[in-house]
Every structure is written in structure tokens, then in C-alpha cells.
Amino acid sequence: RRISAGATRLIDVGRLRVQPGGVERYFVNGMDIGFGAHGALNVATMPSFLKGFAAYLGALAKTLVAYPMPRVTLQLDDAPPFEQVTTMTAVMNGRCFGGSFRVCPDAQADDGVLDVMIAGALGRLAILGLVPKIMRGTHTEDPRLRMARACRVTIESLKPLVVEADGEIPSRDARRVEVGILPRRLRVFG
């Protein structure tokens with residue numbers, strides 16, 4: 001109905017630059033490092049009979065067996081950089097990963113800013129406790145998480161990072177990731 005009506009709107013696009021390698025990618029929904037990126041790697045290994053949400057739950061279970069907690073240096077816009085161990089850092093233009101995980105529930109795809117969720121070092125039980133909250137989008141006040149907004153996000157690590165963007169893996173050995181926003185650059189039906 002929306003397509004036949006011809007109604008369109010402009011949304012933001014995220015731009016991702018990864019070093020080493022000089023990889024540049026664009027995303028509409030979001031990108032992440034840590035637990036979510038490894039989960040995206042594991043989705044590809046799920047049996048073919050697992051589809052959609054079931055494949056995501058299977059990947060979640062597999063990722064819980066072994067997941068990284070990298071020490072990263074993060075910079076949001078021109079604020080001073082800070083260092084921390086993170087289970088997952090997600091930079092979002094949209095609200096959800098996998099249609100069910102409301103990582104940044106207040107994100108707007110056309111507001112000209114990126115929404116950021118930084119999870120501190122979390123054990124398996126803490127992750128399992130947060131999953132239902134993230135699915136409902138009620139996790140934003142959890143003290144183990146930092147929610148922020150920025151136009152530019154830089155993530156650096158001494159150890160290689162797997163990077164996921166819109167379900168694809170543009171890098172498995174990133175040391176520096178620069179994320180920016182291109183406001184209102186993509187016209188979509190809506």
C-alpha cells in the first residue's frame with residue numbers, strides 16, 4: 001500500500017571506516033563489536049532448518065559458550081576518549097537487531113545522530129538476564145550499560161575486533177573503527 005501510494009521519506013545512513021585495510025561500508029540499521037558481532041558470525045553456522053528468530057536464539061546460545069570482552073578506547077564526538085572493557089558496543093541508526101533485540105529503543109532513523117549502547121564486562125548470567133530486557137527495550141537505565149548519542153564514534157583496540165554492520169562482517173581484524181552519520185541521505189518508501 002505504501003509503495004503504491006508513492007510516499008517516501010529521507011533517512012540517515014551510517015558510514016563505517018575500518019583500519020587496517022581501509023574498508024569503508026555504509027549501514028542503515030546499525031553496527032557493533034563484541035558479543036553481537038560474534039553472534040552474527042554464529043548465525044551463519046546455524047543449521048538450515050533454523051530460520052529467523054530461532055537462528056538468532058541458536059546463535060545467542062553458541063556465542064554464550066565463548067565471547068570476547070575487548071578492552072577498547074571509545075570517543076563520542078569531541079568528548080575526551082575513555083577506555084573500558086566491553087561485552088558489546090553497538091552504534092545504531094535504527095532501533096533493533098534481528099527484528100527482536102531493541103538495542104537502542106529510542107533511536108530515530110532520521111534524526112541526524114547515532115544512538116550508542118556500551119555494555120561493560122558482563123558474565124553469562126548477566127547477559128542472560130539482560131536479553132529479555134533488551135527484547136522489550138527496557139534495559140536503558142541498567143547501570144551496567146551506557147546509552148549515548150553522537151554524530152561520530154571511534155573505537156580503537158590493541159587486539160583485533162570483529163565488526164558487524166547490518167548483518168554482514170566487513171572486518172574480522174579491526175584495530176580502529178570510525179563511525180559517522182550522513183543525515184537524510186537515503187530515500188525509502190514510508
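A charge sits over a ring if NZ of Lys or CZ of Arg is within 6 Å of the ring centre and within 35 degrees of the ring normal. The legends below apply this and further definitions to a predicted model, in which local features need pLDDT of at least 70 and side-chain atom pairs count only at pLDDT 80 or more, while totals for chains, interfaces and linings use all residues. Residues are numbered from 1 along each chain as its sequence is written, and side-chain values use heavy atoms, with hydrogens and water left out.

**View 1. Arg146 over the ring of Phe82.** Arg146 lies over the face of Phe82, at 4.3 Å from the ring centre.

**View 2. The aromatic pair of Phe35 and Tyr67.** A search of the whole structure finds two aromatic pairs; rings of Phe, Tyr and Trp (its six-membered ring) pair if their centres lie within 6.5 Å, and planes under 30 degrees apart count as stacked, over 60 as edge-to-face and the rest as tilted. The ring centres of Phe35 and Tyr67 are 5.3 Å apart and the planes stand at 75°, so this pair is edge-to-face. Because Phe35 lies in helix H2 (residues 35-43) and Tyr67 in the loop between helix H3 (52-65) and strand S4 (71-76), the pair ties together parts that are 32 residues apart in sequence. Helices (H or I, at least four residues) and strands (E, at least two) are DSSP runs, numbered from the N terminus. Phe35 is buried, with a relative accessible area of 10%, and Tyr67 is buried at 16%; buried means under 20% relative accessible area, exposed over 50%, and partly exposed in between (1.4 Å probe, protein chains only).

**View 3. Strand S6 and its two partners.** Five of the five residues of strand S6 (residues 88-92) are buried. Met88, Ala90 and Met92 point one way from S6, and Thr89 and Val91 the other way. In a regular strand the side chains alternate between the two faces of the sheet. Strand S3 (residues 30-34) pairs with S6 in the antiparallel sense over five bridges, where two strands pair if DSSP finds at least two bridges between them. Thr89 of S6 is the bridge partner of Ile33. S6 also runs antiparallel to strand S7 (residues 114-119), joined by five bridges, and Met88 stands opposite Ala119 in S7.

**View 4. The largest nonpolar core and another core.** A nonpolar core is a set of buried Ala, Val, Leu, Ile, Met, Phe, Trp, Tyr and Cys residues joined through side-chain atoms within 4.5 Å. The largest has 24 residues, and Leu16, Met31, Val153, Ile155, Val177 and Val179 have the most contacts inside it. Among the strands that each supply at least two residues of this core are S1 (8-19), S8 (145-150) and S10 (168-189). The largest share, five residues, comes from S9. Apart from this core lies another, of 21 residues, among them Leu64, Met88, Met92 and Val131. Leaving aside neighbours within four places in sequence, the residues in contact with Val177 include Leu16, Met31, Val153 and Ile155; contact means heavy atoms within 4.5 Å.

View 5. The peptide bond from Gln19 to Pro20 is cis, with omega near 0°, and Pro20 is found in the loop between S1 and strand S2 (23-27). Asp77, in the loop between S4 and strand S5 (82-85), has phi near 50°, a positive value in a residue other than glycine. Arg184 likewise has a positive phi, near 50°, but lies in strand S10. Asp77 is partly exposed at 26% relative accessibility, and Arg184 is partly exposed at 46%.
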